Amino acid sequence: MTLLRVENLTASYGASQALFGVDFTLAEGEVLALMGRNGMGKTTTVKAICRMIPSQGGLHFAGQNLHHLPSFRAARFGLGLVPEGRRCFASLTVAENLIAAARPGHWTMARVTELLPRLGERTGQRAASLSGGEQQMLAIGRALMTNPRLLILDEATEGLAPLIRAEIWATIAQLKHDSGMSILVIDKSLRELGQVADSAVILARGKTVWSGAMEDLSADVSEAYIGV
Amino acid sequence: MIRERHLNILLLAGFLAVPLYALAVDEPFTITLATRAAILALAAVGLNIALGWGGLVSFGHAAFFGIGGYSMGILAFHAQNYMPLDLGFAVLEGTKSMPVIWLVATLTSALAALAIGALSLRTSGVYFIMITLAFAQMFYYFAISWSRYGGEDGISIYVRNEFPGLNTLAPIQFFGLCFAALLLALWLNARLVASPFGLALNAARQVPVRVQTVGLDPTRLKLVAFVISGAITGLAGALFADLNRFVSPSMFSWHLSGELIVLIILGGVGRLMGPVIGAILFVALDHILGGWTTHWHIALGAILLGVVLFARGGVIGLLCGPKGQA
């Protein structure tokens, strides 16, 4: 069953157009990798889906047209965003960050800290004093506390140590296999994406240039559009 | 550094000890000063919810203070003159009952805060400051022209209102009521800040865009905080009017809005007991320096300058360190 359908999505920052027609669908329980070189519109696509910027075109989530909805209403329909750059609530503690975002459902504080044990060890610590990796885990935990139907991870492993990156990829794999969660993931690590993603969409110059199953992504296509 | 929790307990114990000592040595004026401090602290506790935790620099909280005051004044005025209060759609009796007056003052202030907040929160920053100031000034000029209730001269209430089982004319008993209201507001404030709503409000103050991505509406969070804030300040207005047995348009004046902000900055913005320390200092300075010169506000200005430049967290920040470390 299709959970998210994006059709001919266009978006602009003022006079500067960033998206020229993004198309893809994401099914319930699917992990989809959104790929492309820097500046090709991946984060803008996520921002448009989460209604953080105005956009045109089709944007349907769980049968609901997301256009004209404010960002917080779109989130309440089940879009859980782990934003680029983490952006935790700095002056709140780990526990407070999680409580502030909590909505009823499967994901409770106990389940989140079980999935991300580093958070469980630091519940009373302020988010501002956490390491980059811990802040990233907190951002994932916070998004899970909203009990989303779709988890969106925007460059979740960027700038982190290899050990922490491995932990985050393991967490994503665990979410996929144990919870059957639908995930839209943006990342530059093709190798790790290949291990968790079912399908992929490649953007170039704000447009979808390739989409298909992850195993069908050929070296030629990735070399041409991603550069690896 | 002192732990903030310990300082808070010490401060409340000290605050309570002053009027009790004044009672023992028969100094009713000191009890009245303590009552004034408790009421101003209550008003500032209300404002601190909006300003300290919601980041809403309201320069118009005198509107709620005045509405609370006039709620008391109008109800008591009709009761003392045995004149029914004709609202157009209903005719009510006046009352001298404090609990009823407090309820009316709190509700009317909350309603006014809802209307003012819903419009003002469409703006932010300096525009929010200006629009809240404009609303308070509208009430101020309305009260001046409201001849039915004394216009510029205000309303005098000859006898203090009643509270079941207490002699409210006894200064220590009236102080007890005001102090209890202050404790209740502080308890509510502490509970609110630690609740999911308070945490979300805190987050909305820091990064309003990000709280939206977790499904929270920052405008609604701020509006709820503004309404609670206005209601508490309105209750303080009713108590202030009862303390003086007099209400006048000056309760709506921008000076009062400014004074409430000053109290919070002096004590510590977003600190639970910041408004209490600020109010005690303000009343003490008014009494001590005001005895020497009528221009005592110059000294207050210098102190405020010192706090802003050298003690950004106010007195509590100075004693307990920055927020979150105490």
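Predicted model: local features only at pLDDT ≥ 70, side-chain atom pairs only at ≥ 80, totals over all residues.

Me: Where in chain A is A:Arg51 found?

Reply: A:Arg51 sits in the loop between helix H1 (42-49) and strand S4 (55-61) of chain A. Its phi is positive, about 60 degrees, although A:Arg51 is not a glycine. As background, most residues other than glycine have a negative phi.

Me: Why is A:Arg51 called buried?

Reply: Buried means under 20% relative accessible area. A:Arg51 has 14%, so it is buried.

Me: What makes B:Arg245 partly exposed?

Reply: The partly exposed class runs between the buried limit of 20% and the exposed limit of 50%. B:Arg245 has a relative accessible area of 29%, so it is partly exposed. This arginine also has a positive phi, near 50 degrees, and it is found in the loop between H9 and strand S4 (246-247) of chain B.

Me: How do you know that the span of helix H11 of chain B agrees with what its residues should give?

Reply: The expected span is 1.5 Å times one less than the number of residues. For the 19 residues of H11(B), 274-292, that should be 27 Å, and the end C-alpha atoms are 27 Å apart, so the two agree. Its buried residues, among them B:Phe282, B:Val283, B:Leu285 and B:Leu289, pack against helices H1, H2, H6, H10, H12 and H13 of chain B.

Me: What span does helix H4 of chain B reach, and what is expected?

Reply: H4(B), residues 98-120, has 23 residues and reaches 31 Å from first C-alpha to last, close to the expected 33 Å. Buried residues of this helix include B:Ile101, B:Trp102, B:Ala105, B:Ala112 and B:Ile116. The helices they pack against are H3, H5, H6 and H9 of chain B.

Me: What residue classes make up the lining of the second largest pocket?

Reply: There are 13 nonpolar and 2 polar residues, with no charged ones. B:Tyr70, B:Ser71, B:Ile74, B:Thr108 and B:Trp146 lie nearest the centre, and the space amounts to about 350 Å³. H3, H4 and H5 of chain B each supply at least two lining residues; the largest share, 5 residues, comes from H3(B).

Me: What makes S1 and S2 of chain A a pair?

Reply: Two strands pair if there are at least two bridges between them. S1(A) and S2(A) have 9, in the antiparallel sense, and one of the bridges joins A:Ser12 to A:Gln17. The strands form a hairpin with 2 residues between them, and A:Gly14 in the turn has a positive phi of about 65 degrees.

Conventions:
Residues numbered from 1 in each chain as written. Chains lettered and ligands numbered in written order. Heavy atoms only, no water. Helix = DSSP H or I, 4+ residues; strand = E, 2+ residues; numbered from the N terminus. Buried < 20%, exposed > 50% of the residue type's maximum accessible area, 1.4 Å probe, protein only. Contact = heavy atoms within 4.5 Å. 1 Å grid on protein atoms, 1.4 Å probe; cavity = no way out; pocket = protein on both sides within 12 Å on 5 of 7 lines; lining within 4 Å. Points joined across faces, edges and corners; volume = space filled by probe spheres on them. Nonpolar A, V, L, I, M, F, W, Y, C, P; charged D, E, K, R; others polar.
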